[in-house]
Amino acid sequence: MVLGGGEGDGTGCVLSGRDAGMDAALGALYGGGGGRKAVGERSAGLGGSAPNVARWLGDIRTYFPSSVVQVMQRDAIERLGLSALLLEPEMLEAVEPDVHLVGTLLSLNKAMPETTKETARAVVRKVVEQLEKKLAARTRATLTGALDRSARISRPRHHDIDWDRTIRANLKNYLPEYRTVVPERLIGYGRAAQSVKKEVILCIDQSGSMAASVVYASVFGAVLASMRSIATRLVVFDTAVVDLTDQLDDPVDVLFGTQLGGGTDINRALAYCQSKITRPADTVVVLISDLYEGGIRNEMLKRVAAMKAAGVEFVTLLALSDEGAPAYDREHAAALAALGAPAFACTPDLFPDVMAAALEKRPLPMP
């Protein structure tokens with residue numbers, strides 16, 4: 001759809017009412033264009049004025065659906081340098097909260113005045129609660145099934161028998177005269193929920209490009225930590241390593257414990273994770289990183305190889321987000337694939353299935 005009016009827009013159409021309002025809101029953000037600028041052509045009209053931005057935020061929420069508003073807000077922050085305005089509580093109350101806004105707030109965390117921090121936490125909590133509501137139930141259901149299947153026992157109680165696998169395992173004992181199978185061998189599910197059966201370590205790159213992944217991983221970490229049968233550890237890193245496991249009961253605390261930006265030392269982070277593994281055969285390590293390593297590359301690969309040789313299931317996610325194909329270090333990704341640890345991007349919807357496959361030690365459902 002083309003909106004416009006006046007000679008500068010080239011349409012020859014005069015806009016009025018709601019159409020004029022939509023055109024003004026779009027023009028304030030995208031009117032500068034960056035290309036050739038004709039005489040009298042509009043330029044971006046928000047500038048650094050807080051009143052103008054607040055009015056514009058109200059306008060776009062009036063004219064456009066929430067999904068479009070979120071895209072326009074992100075473009076405004078990136079194109080017009082409005083990040084500083086998010087440090088004002090009044091401005092934060094006016095924006096439409098989403099994962100990308102949370103990432104921006106986290107990157108501004110250290111510069112945020114005390115008067116803004118409570119408002120920022122409220123915005124982040126709203127997004128986190130929305131994500132938990134969307135993702136938690138399916139994640140728990142998928143992983144509970146995987147844990148039950150991975151805990152199969154050979155002498156199950158009657159109500160714990162996996163009849164499908166039991167029948168297939170005893171087909172050789174079929175008695176034609178009775179038209180039945182004699183189940184000499186019973187296969188059943190263990191009671192995985194009564195004790196810790198698996199350990200999961202989420203190792204998250206907190207460089208600036210991984211902002212959305214940090215948000216989703218923190219939410220999933222809290223969901224995993226709520227499952228008694230999984231011992232969950234959450235580690236974030238740049239050139240330093242921070243263990244946020246003791247904050248997993250509140251993903252908002254986890255997020256404000258991160259510090260987006262800075263360098264990357266994957267080797268150091270994996271060394272820390274490796275030191276926390278006590279039951280390799282029952283452990284899944286999930287590295288979430290674009291693999292742009294600033295540490296010692298060969299040592300990083302040796303650690304991955306050592307963990308896999310010990311029985312650890314190692315998963316590498318280049319991104320955990322809905323942002324499309326990520327940028328990543330292809331050489332490191334190829335090296336990990338050669339070790340039997342392929343690296344791929346993962347959407348939040350796919351993550352429960354990836355974790356279920358890792359817990360059951362079966363091929364990962366790579367997109």
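The lining of the largest pocket in this predicted model comprises 7 nonpolar, 6 polar and 7 charged residues. The volume of this pocket is about 380 Å³.

**Largest pocket**

- The largest pocket has 20 lining residues, and those nearest its centre are Gln70, Asp98, Val99, His100 and Tyr216.
- Four helices each contribute at least two residues to the lining of the largest pocket, namely H3 (66-80), H5, H6 (114-150) and H8.
- Val99 and Tyr216, which are among the residues nearest the centre of the largest pocket, also take part in the contact between H5 and H8.

**Cavities**

- The model contains 2 cavities of 30 Å³ or more.
- The second largest cavity holds about 60 Å³ of space.
- The residues lining the second largest cavity are Gln70, Gln73, Arg74, Ile77, Asp98, His100, Leu101 and Thr104.
- Helices H3 and H5 each provide at least two residues of the lining of the second largest cavity, and H3 has the largest share, with 4 residues.
- By class, the lining of the second largest cavity consists of 2 nonpolar, 4 polar and 2 charged residues.
- Gln70, Asp98 and His100 belong to the lining of the second largest cavity and are also among the residues nearest the centre of the largest pocket.

**Packing of H5 and H8**

- On the H5 side, the contact is formed by Val99, Val102, Gly103 and Leu106, and on the H8 side by Ala211, Ala212, Val215 and Tyr216.
- This contact of H5 with H8 involves 7 nonpolar residues and 1 polar residue, with no charged residues.

- Threonine 264 lies in the loop between helix H9 (251-256) and helix H10 (266-275).
- Threonine 264 has a relative accessible area of 12% and is therefore buried, the limit for that class being under 20%.

Methods: Residues numbered from 1 in each chain as written. Predicted model: local features only at pLDDT ≥ 70, side-chain atom pairs only at ≥ 80, totals over all residues. Heavy atoms only, no water. Contact = heavy atoms within 4.5 Å. Nonpolar A, V, L, I, M, F, W, Y, C, P; charged D, E, K, R; others polar. 1 Å grid on protein atoms, 1.4 Å probe; cavity = no way out; pocket = protein on both sides within 12 Å on 5 of 7 lines; lining within 4 Å. Points joined across faces, edges and corners; volume = space filled by probe spheres on them. Buried < 20%, exposed > 50% of the residue type's maximum accessible area, 1.4 Å probe, protein only.
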